[in-house]
Amino acid sequence: MVHGSGRGPGRAFDTIKYKRARSTKVLVSSLWKYLKRYIWPIIYSTGFILLYSLTSLVTPFIAKLGIDKVTGTSETFSALIPLTILFLALTALGWVFHSISVRIMSKMNSKMLHEVRMDLYEKLSFSDMSYLKNEQSGNITARVTADTGELATGVQLSTSILSQVLLIIGSFILLVTTNWIIALISLAAIPVAFLIAGVLSYFGRRIILRVRRAFGFVSGKMAEGLSGIAVAKSFNREEELSTELRELNQKHYNYSKQFGMLMMFVMPSVSALSYLLFTMIVYVSGWINKTTNVLSLGDIYLSVNLSQQFLFPIIMLAMSFPQLESAFGAMDRIIDIFEAKRAVSDVHDAVNIQTTDDSVHFKNISFAYEEDNYVLKDIIFSVNPGELVAVVGHTGAGKTTLFSSLLTRFYDIEEGTISIGNQDIKSVTQSSLRQAIGLVTQEPFLFTGTVMENILYGAPNATKEDVKEICKKINADEFIDALPNGYDTLVVEGGKKLSSGQRQIITIARTMLADPRILVLDEATSRLDAYTESLVQAAQRELFKERTTFVIAHRLSTISDAEKIVVLDHGKLVEIGSHKELMDLDGIYADLYKTYYVHQGLAEIDVDVEDLEPEELEEPAKNVSPQMIGMIKGDHMSGKNESSLNKEETRKHLEKMSPEDKQKFMKRMKEQKKLK
Amino acid sequence: MAVITDKKTTSGYNVDIQYELLKKYKSANGWFWSAFKRYPLMYLFGIIVFGASTYLATKTTALIGEALDYLLVEGFSTNFNKTIGLMIIYVIISWACLSSGAYVWSIASFRVQRDMRQEFYEVIQDHSMAFFDVNDSGVILSMGMNEINQIRMAIHPSIRMLMTSIFSIVITTVFLWQYDFIIGVTVAVSFVVYLIIAWIYASKVGPIRRKLAKDLADLSATSQEMFRGIDVVRSFDNHNKEINKFGYISNEYALDMKKEGYLSAFYWPALITIVFTAASFGYGIWLVIEGSFSIGIFISVLALLMALSRQNFMIPMRLIMLQAGLQNSKRLWDSMAFKDPLTQPEKPVESEWNKKISFNNISFAYPSTDKKVLDNLSFQIQAGARVALIGGPGSGKSTILKLLLRLYDPTEGDILINGVSMSSMHTSHVRSNVTMVEQDIFLFSDTLKANISFAKRDATDEEISKAAERAQISQFIESLPNQYDTVIGERGVTLSGGQRQRVAIARALLSNPKLLLLDDSTSAVDIKTELRLRKAMDELMKDRTSIVVTQRLTTLVAADMIILMKKGRIVDIGSHTELLERCQDYQFMCQHLPITNGSVASNDVGGRN
Ligand SMILES: Nc1ncnc2c1ncn2[C@@H]1O[C@H](COP(=O)(O)OP(=O)(O)O)[C@@H](O)[C@H]1O
Ligand SMILES: Nc1ncnc2c1ncn2[C@@H]1O[C@H](COP(=O)(O)OP(=O)(O)O)[C@@H](O)[C@H]1O
Ligand SMILES: [Mg+2]
Ligand SMILES: [Mg+2]
């Protein structure tokens, strides 16, 4: 029986020809590290498998004895009773040995699987942000579920291979001792068996890949139809969607037909081979007896029996090679993860962050996610303890990068330093740093669980009363009370029954409850109505009065009363100062303020839409529920490149917009103002 | 192909797919076994051919003894050679039968799989939102994909192999019967016992298998959630909590895996065949000594028994798969037979949507909950009016819009469109007159063209680009390398929130509804987006009745009627100026909207309290 395979996501991997980075020897020796812990179970299990193979070899021999005894000679039946009992005892014993071995093995295997999974999961959860962000969560999950499962299958397979090899060798030796010609004939079956297995794995791999891909398309279509069900209904589009599904479904069927053809060849051929083999043996035995008459009927029976016992393990063996290979592939990927060095790790003498000074200093920071593609350039500024800092800038200016990713040390900066107080954030433990900083991310993310559990996520020791108090302050209690079960309402599928505003406000409550020393709100109120937003702000000002706070926002009321406003533009810090200072400066901020912020309310905006800077593409926001990603995976592996390709081209296009154009745009806006 | 759609009833609407399905198959079992009714000839061919091939294979085995008897008595004679020749011919014919049968059977089963999948999807898709609210879409997806596969696997290969096994048991029994009555009867009886025990055994292993599958699904879900939310996990320094959560499930999986291993280790039905084979061995020897068996027959008997016991390990696996298939079809059937609270009227009526709309004492709780999220609402909307809905999160604004699309029926009260109750209309009539632009825009991962023309598949390119232009998105689209053929979403480029919103507006423009519903609770976006959105929305609201959930002061001021909601109730209804004058809640809200130019008393650029 094969455990852990064929279920869950990530199975598409095993059909892709995988180039390993390590030799089998290296892999086995790494695996040995795990297997060593189970040395005794392995020895016992192997021992019992050996015994089992032995009984399988001896039983046909008993049958042969029986046949020989009754041929010709006049035995009494009572003389043969012991033989019958022996026959029974041996087969029963074989069963017992086999069972014990499987039992030991499955205990060991399940334990090992659990341990590998845990080690891998732990390693992955602390691994680099760049790796985790660039891989799809479904792919990472496939490492933990599918690859480990495959590994376990491989281990199990190895023991069964052992017993098969034993059976093959044992049967062959017995065959040779019975009659060498028959043994040779049996040998002829080996290439045929391997041929069948080869055809299966060669064509099978291709066909299965095609079938899987088609399956992925059907699955993707269905997933999409289900998540977009409300839209389909709103537009009366159900019929079209089912027609589209039907076409893909038909394609999947067409490939499945090929699979049926393959099966038609393989399975019947194996059984025909076995019948032909024993027919041949009977025939040859007759022919041998014609000339020499050395073979008894018992011998012939034994040969027939042994030939079967010889053939089936060979077929099994031939078929298990691809599986074994994919287990090695899985192991290779697993080892990759184990051996990966973390880019962001605590220095050996890391200390906890000090608790007295909340000033933050950015010194000459430049940063690129990908080689030389700088998203931040030469950022220098300082923030005094307790200051409220507002950050403005267009989408893609680098706001999230600077405050959500670098300040929290999700990524390490190569150039420049960030310090809190007088400590470089690289010199303190990540754990203490992150406890000090509270981050409300741009995408509201909720965990499966109750609303209460979600809010308690960052402050497990807080009481329910604390939660309710915070929620009251930010006006969240009003809608939480309106939920079917209030605070005990389950958040499912990332919160599909909540509006995005509701999701966002829960994430704010979560961070506020955690009570960090330094707060970062990354467009944290963008999905709230102005009224609720103002309550959140009031609460934030009250609760974080003396603490350093960074607010990335677009709304005027949030920005203008900050002590410091930081204006980022294309990765550069272009202006910094209080609202008044920046207005006096009459630069970019003043422009923005005059054309946009002032008009955020009622007035007509007198800028022609055509005059605006062309829009850009944003970073992917993940909106699909985790399960769905798992299901639709498969076919999306290719999709990733496609998307980045398109983005690349768009980026090029956007680069055509020179700084001059941008200045022109600004000027034009000013002129229009004057005309008024 | 299976399916039932495309048919129209006399009223001009599509037939009720669910009703047709329930009528046709009656029960989960009916649905499952309908597989054989769908392609009866193919399956019949399979059955006949498998019978033939099993017969020939068994015959070949039985001939061993005959050949050996010839050998013993006549030596390497013509009779011996003839028997061998016969065996080879049998093997070849049997091979041909088995191949063609397997092929036809598998094709028929893949067809069944295709048809059932399509059927499932169409029926599920036809359920109202009440179904989708309580069912996890990942689970439904896995039903439609994996569980349908398992149903197919129950038919092919499981039922096929079980059938072959039963054929070989029956045929072997008949052969043995001819040799010796007692052996024949014993084989027959013990295999019946064996099958029963194997079935019981399979029923024990089956649930563990299913539990394992569930464990693995949980494991993936937990892991995916953690990696998707890694920013959050990391920023709260909560790795250990997540690792423990994973560890708990992983441990559960390991325990279940061990349990399954233990059960399959001691596969005790095998003991029956062991005891029985040994007994036949002894009995056969006795018969030979007695003289009623020739040696050849004895060998044939042994060979036949050996062949049978090879089925040993196949049968339980097939039984487990069959059980899983039956259970899955039960689950799928239950989902398909969901009792929908929203039903189509027997005799649907139609109404004029560009007339007055009235809400009469509407109360509403989402199906499967009893919390009233709308409480006794009454109001009227005049033809062509611009209505603005305002209120805090969770006050019920979006719910009102959903009722107007007839995604749900009100729990109490009636919504009248020009005097006609909405619940007496067919949903497709409602939805061809009403269009909603939701808050969280859903776009299909398809080309922009396909997304915009979603509501009107026969739209010309000009119509599409016109709509895009009016929605202020054409400039952006035309800057993309593939323009309208750009694929978006999972498989393509990602759009920002504002861009998605405008694509949805273009989509709505093309559908040209009589009543427009717009859910626009998001308001703070960067300047470019804000400007474009405003213009796009103005275009969209032109010349039709519209109901807009909004925070935009411009929209509020321009509205003919503002409905202010709080916790599912109406606080007040009136125009901007009326509400400013008399409604405290409204004044309070307006104070927090960014307002300049003195249109409201309190200018709150500072926004400080
Ligand atoms: N994980 C990432 N990998 C590569 N590039 C990224 C990543 N995250 C953001 N970027 C790029 O960095 C730039 C700045 O992004 P971001 O900091 O999110 O800007 P903002 O928050 O101001 O909108 C953008 O061009 C974006 O595409
Ligand atoms: N599908 C649903 N099932 C159960 N409850 C829901 C569902 N959708 C919304 N709700 C609940 O109904 C209430 C009103 O929601 P909604 O109309 O979306 O509010 P609004 O649009 O005013 O923010 C909220 O408490 C919300 O959680
Ligand atoms: Mg950002
Ligand atoms: Mg809403």
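This is a predicted model: local features need pLDDT of at least 70, side-chain atom pairs count only at pLDDT 80 or more; totals for chains, interfaces and linings use all residues.
A residue is called partly exposed when its relative accessible area falls between the buried class, under 20%, and the exposed class, over 50%. Asp485(B), with a relative accessible area of 47%, is therefore partly exposed.

The side chain of Asp485(B) meets that of Lys449(B) in a salt bridge, at 3.9 Å from N to O. Lys449(B) sits in helix H15 (residues 448-452) of chain B, while Asp485(B) is in the loop between helix H17 (474-479) and helix H18 (497-511), so the pair ties together parts that are 36 residues apart in sequence. Lys449(B) is partly exposed too, with a relative accessible area of 27%. Elsewhere in chain B, a network of salt bridges links Lys211(B), Asp215(B), Glu252(B), Asp256(B) and Lys259(B). Over all chains, the count comes to 34 salt bridges.

Arg409(A) and Asp412(A) form a salt bridge of 2.7 Å, N to O; Arg409(A) is buried at 3% relative accessible area, and Asp412(A) counts as buried at 18%. In another salt bridge, the closest N and O atoms of Asp515(A) and Arg547(A) are 2.7 Å apart. That pair joins the loop between helix H15 (500-514) and strand E9 (518-522) of chain A to the loop between helix H16 (530-543) and strand E10 (549-552), across 32 residues. Asp515(A) is partly exposed, at 45% relative accessibility.

On the scale of whole domains, chain A is divided into domain 1 (23-178 + 326-342), domain 2 (180-294), domain 3 (360-601 + 613-645) and domain 4 (646-676). Domain 1 of chain A meets domain 2 of chain A through four residues of the former and five of the latter. About 350 Å² is buried between them, with carbon and sulfur atoms giving 80%. Of the area that domain 1 buries here, Phe172(A), Leu175(A) and Val176(A) supply 93%. The side of domain 1 in this contact has three nonpolar residues, one polar residue and no charged residues. Between these two domains there are zero salt bridges.

Returning to chain B, helix H2 (residues 28-38) has several buried residues, among them Trp31(B), Phe32(B) and Phe36(B). The buried residues of this helix pack against helices H1 (17-25), H3 (40-74), H4 (78-126), H6 (137-179) and H12 (314-336) of chain B.

Notes:
Residues are numbered from 1 along each chain as its sequence is written. Chains are lettered from A and ligands numbered from 1 in the order in which they are written. Side-chain values use heavy atoms; hydrogens and water are left out. Domain bounds come from an automatic or database domain assignment. Contact means heavy atoms within 4.5 Å. Buried area is the accessible area (1.4 Å probe) that two parts lose on being put together, summed over both. A salt bridge is a side-chain nitrogen of Lys or Arg within 4 Å of a carboxyl oxygen of Asp or Glu. Ala, Val, Leu, Ile, Met, Phe, Trp, Tyr, Cys and Pro count as nonpolar, Asp, Glu, Lys and Arg as charged, and the others, Gly among them, as polar. Buried means under 20% relative accessible area, exposed over 50%, partly exposed in between (1.4 Å probe, protein chains only). Helices (H or I, at least four residues) and strands (E, at least two) are DSSP runs, numbered from the N terminus.
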